[in-house]
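Me: I would like to learn how to read this structure. Can you take me through it feature by feature?

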Amino acid sequence: IFNSDGSEAASGGNGVRIFGKYLKDGGYVQKNHFTINTLSGEQAIQYLNETGTRIKASMGSLSFFSDQIPVAGPRREVLNETMMFGSIPYRVTCVSIGNPHCVIWLNDISKDLACRIGKHSETAEYFPEKVNTELLRVIDRTNIEIEIYERGVGYTLASGTSGCAAAGAAYRMGLTDSKMYVHMPGGVLEVEILEDGSVMMTGDVGYVGRFSLSYELEEELKAIK
């Protein structure tokens with residue numbers, strides 16, 4: 001999985017669902033259950049309908065420990081700490097789900113605020129490998145809303161790992177039940193935090209367009225290989 005700036009992502013919730021749909025439509029898999037290997041480990045995929053437009057995926061386990069995220073400083077669980085982004089203090093909970101996330105719980109969130117905070121938090125000295133930032137608003141015990149600023153991408157409408165990380169942080173802080181809906185500008189995911197700390201994500205996949213490579217470009221790519 002590659003970001004728009006060319007950096008490689010260890011995991012991607014939207015990416016594995018989209019790839020799962022591609023594999024089904026291309027006839028590469030015939031079973032309803034299979035696994036995809038990513039840089040962050042194996043992810044189990046399950047088709048929930050015949051067309052593969054609704055997919056459930058295992059997203060790995062949550063960790064709040066600083067050395068596993070990573071976050072600078074002594075080893076600890078990074079829960080409700082104060083960090084400065086753009087000279088403004090925020091209370092944050094940081095979590096890894098194969099990639100690093102910084103979750104900020106606020107009463108009001110917006111795209112503009114996510115961009116203003118994210119441009120500072122992404123490369124802040126707290127995060128030696130940069131970080132994905134989620135602004136979290138709790139609607140009720142089974143619904144949360146987030147705005148996302150991804151490392152290597154910037155503002156994004158939806159992210160599977162961001163949704164899972166925010167859900168995990170909300171649950172750990174006692175703000176929600178273990179199963180919830182994560183509302184993003186780009187859509188809604190269903191996330192469940194299991195007793196062992198692992199996360200299951202369910203969401204839809206749909207087409208937005210198709211494209212084909214020209215014969216000349218295909219030949220150039222073959223030559224490069």
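Reply: Start with a pair inside one helix. R116 and D112 are 4 residues apart in helix α2, so about one helical turn separates them. Keep in mind that this is a predicted model.

Me: What do R116 and D112 form, and how far apart are the closest N and O atoms?

Reply: The general idea comes first. Side chains of opposite charge can pair when their charged atoms come close. Here R116 forms a salt bridge with D112, and the closest N and O atoms are 2.9 Å apart.

Me: Does R116 count as buried, partly exposed or exposed? And what about D112?

Reply: Buried means under 20% relative accessible area, and exposed means over 50%. R116 has 46% relative accessibility, so R116 counts as partly exposed. D112 has 47%, so D112 is partly exposed too.

Me: How many salt bridges does a search of the whole structure find?

Reply: The search finds 11 salt bridges. One of them joins the side chains of R54 and D204, at 2.7 Å from N to O. This pair links distant parts of the chain. R54 is in strand β3 (residues 54-61) and D204 is in strand β12 (residues 198-204), 150 residues apart. R54 counts as partly exposed because its relative accessibility is 26%.

Me: Which residues do salt bridges with shared partners join into one network?

Reply: The network consists of R54, K179, E190 and D204.

Me: Now the strands. How do I read strand β6, and how many of its 6 residues are buried?

Reply: In a regular strand the side chains alternate between the two faces of the sheet. Now look at strand β6 (residues 100-105). It is mostly covered, with 5 of its 6 residues buried.

Me: In which sense do strand β5 and β6 pair, parallel or antiparallel?

Reply: Strand β5 (residues 88-96) pairs with β6 in the antiparallel sense, over 5 bridges. V95 stands opposite H101 in β6. The hairpin of β5 and β6 has 3 residues between the strands. In this hairpin G98 takes a positive phi near 95 degrees.

Me: And how do β6 and strand β7 run, parallel or antiparallel?

Reply: β6 and strand β7 (residues 132-140) run parallel, joined by 5 bridges. H101 stands opposite N132 in β7. The chain crosses from β6 through helix α2 (residues 111-121) to β7. This β-α-β crossover is right-handed.

Me: How many residues are in the largest nonpolar core?

Reply: The largest nonpolar core has 35 residues. I144, I146, V182, V191 and V199 have the most contacts inside this core. Helix α3 (residues 160-172) supplies the largest share, 6 residues. There is also a second, separate core of 18 residues, which includes V71, F85, C102 and A124.

Me: Which residues is V199 in contact with, leaving aside its neighbours within four places in sequence?

Reply: Among them are A57, M59, L62, I97, C164 and V191.

Me: How should I describe the aromatic pair of F85 and Y126?

Reply: A pair of aromatic rings is described by the distance of the centres and the angle of the planes. The structure holds 7 aromatic pairs. F85 and Y126 form one that is edge-to-face, 5.9 Å centre to centre, with 90 degrees between the planes. F85 is in strand β4 (residues 81-85) and Y126 is in the loop between α2 and β7, 41 residues apart. F85 is buried, because its relative accessible area is 3%. Y126 counts as partly exposed at 22% relative accessibility.

Me: Which residues form one aromatic cluster?

Reply: F85, Y90, Y126 and F127 form it.

Technical notes: Residues are numbered from 1 along each chain as its sequence is written. This is a predicted model: local features need pLDDT of at least 70, side-chain atom pairs count only at pLDDT 80 or more; totals for chains, interfaces and linings use all residues. Side-chain values use heavy atoms; hydrogens and water are left out. A nonpolar core is a set of buried Ala, Val, Leu, Ile, Met, Phe, Trp, Tyr and Cys residues joined through side-chain atoms within 4.5 Å. Buried means under 20% relative accessible area, exposed over 50%, partly exposed in between (1.4 Å probe, protein chains only). Helices (H or I, at least four residues) and strands (E, at least two) are DSSP runs, numbered from the N terminus. Contact means heavy atoms within 4.5 Å. Two strands pair if DSSP finds at least two bridges between them. A crossover is right-handed if, with the strands pointing away from the viewer, the path from the first strand over the helix to the second runs clockwise. A salt bridge is a side-chain nitrogen of Lys or Arg within 4 Å of a carboxyl oxygen of Asp or Glu. Rings of Phe, Tyr and Trp (its six-membered ring) pair if their centres lie within 6.5 Å; planes under 30 degrees apart count as stacked, over 60 as edge-to-face and the rest as tilted.
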